[in-house]
Amino acid sequence: MEKNEIEIIDVELNSNPNSIVEMYGEDLTKRKYLVNPAIAREDEIKKLVVILLTPEKSALLVGKPGIGKTAIVEGLAYLIQRGEVPNALKGYRIIKMNSTSLCGKMMVNGKEQMIISALVDELKTMSKTILFIDEIHTLIGGRSDGPMDLANILKPGLDRGDVNAIGATTTIEYETYVIRDRAFLRRFEKIDVVEPDEATTVKILMGSIPKIEAQTGIKFKYNNYVQNMLLESIVSATSEFKRVYGLSAMYPDVALSVLTQAFSLALFENKSEVDVIDVYNAIKTSKRIYPDSIVKELEAFREKFKKFCAEENIVLPIVTLEEVQTPEDII
């Protein structure tokens with residue numbers, strides 16, 4: 001091998017104790033996925049794949065908090081795992097790195113070096129590897145004196161195509177920091193991740209049930225028809241103008257929070273199945289929904305399931321505004 005030639009190696013994680021990837025990274029393609037993490041995100045994944053197949057281009061996922069940007073990357077890792085990607089991406093792995101892990105310095109071969117610089121050097125020697133950096137805006141800006149050095153270190157690797165990368169950031173951070181650094185932005189193709197509509201969010205919740213069941217060890221009662229009705233009520237209760245400002249997030253995250261709360265309430269009661277009462281109480285106790293919206297949604301819930309509850313001998317109590325208000329709400 002000539003002196004300046006870089007040896008390309010294909011190593012397994014946990015084989016090198018000095019590896020930045022092994023110390024700080026997570027191989028998303030080695031996770032165990034019970035279901036596809038990116039339900040109803042086929043268009044975004046297709047755009048992501050096309051960008052990754054484009055020489056010297058990386059992808060930047062931009063959307064509001066809780067909208068599923070990370071889930072899209074996990075969805076691609078899931079498809080790579082199953083071999084359901086173009087041949088050019090088969091055998092690839094996606095290494096997730098938190099931006100905070102890349103700050104600071106470390107000793108490499110007896111010399112102090114920026115962690116991100118050492119990471120770029122390491123990635124040059126690794127084949128079929130895609131770097132995923134969540135909250136990538138923290139590498140780009142956030143200070144009044146311009147872009148951080150971290151972004152400048154990463155740029156050459158992106159420019160030469162030595163590093164394949166996926167970044168994720170929120171709309172606000174993109175407009176505040178990322179868009180100011182034109183040189184960095186040129187290396188990325190933006191993918192707008194929009195909030196799913198209510199019908200799509202119901203599908204996402206339905207597809208997430210097996211994962212939540214496995215995590216909690218209890219089942220969601222009833223057939224698919226009744227489950228779908230319950231999920232529709234959750235999605236209705238968490239629609240845009242019913243969400244508490246500052247805690248709102250977006251679909252599907254805000255609706256998923258209520259669904260998982262229903263499982264938590266069932267576990268607290270030592271139940272083996274989540275039933276209509278647990279879903280009702282999850283909406284009632286949600287801190288992400290305005291109190292007056294909770295009262296109205298629970299009233300609609302009781303009417304919607306009136307016949308069903310009568311057949312199942314279930315009583316759903318009437319809930320007043322005082323019951324769901326906290327002192328902070330009143331103040």
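How much space lies in the second largest pocket? About 480 Å³. The model is predicted: local features need pLDDT of at least 70, side-chain atom pairs count only at pLDDT 80 or more, and totals for chains, interfaces and linings use all residues. Residues are numbered from 1 along each chain as its sequence is written, and side-chain values use heavy atoms, without hydrogens or water.

**View 1. The second largest pocket.** A pocket is an open set of points on a 1 Å grid over the protein atoms alone, where a 1.4 Å probe fits, with protein on both sides within 12 Å along at least five of seven lines; lining residues have an atom within 4 Å of a point. Of 19 lining residues, Lys 64, Tyr 245, Ser 248, Ala 249 and Met 250 are the closest to the centre. Helix α7 (residues 171-176) gives the most to this lining, with 3 residues. The lining has 10 nonpolar, 4 polar and 5 charged residues.

**View 2. The largest pocket.** Its volume is about 580 Å³. The lining counts 25 residues; Pro 37, Ala 71, Ser 208, Lys 211 and Leu 256 are the closest to the centre. α3 (69-82), α9 (198-216) and α11 each give two or more residues. α9 gives the most, with 5 residues.

**View 3. Helix α12 (residues 276-285).** Buried residues (under 20% relative accessible area, 1.4 Å probe, protein chains only) include Val 276, Asp 278 and Tyr 280. The buried residues of α12 pack against elements including α10 (224-237), α11 (253-268) and α13 (291-304). Asp 275 caps the N-terminal end: a side-chain oxygen lies 3.1 Å from the backbone nitrogen of Ile 277.

Note on methods:
Buried < 20%, exposed > 50% of the residue type's maximum accessible area, 1.4 Å probe, protein only. Helix = DSSP H or I, 4+ residues; strand = E, 2+ residues; numbered from the N terminus. Contact = heavy atoms within 4.5 Å. Polar contact = N/O pair within 3.5 Å; in protein donor to acceptor, adjacent residues only side chain to side chain. Points joined across faces, edges and corners; volume = space filled by probe spheres on them. Nonpolar A, V, L, I, M, F, W, Y, C, P; charged D, E, K, R; others polar.
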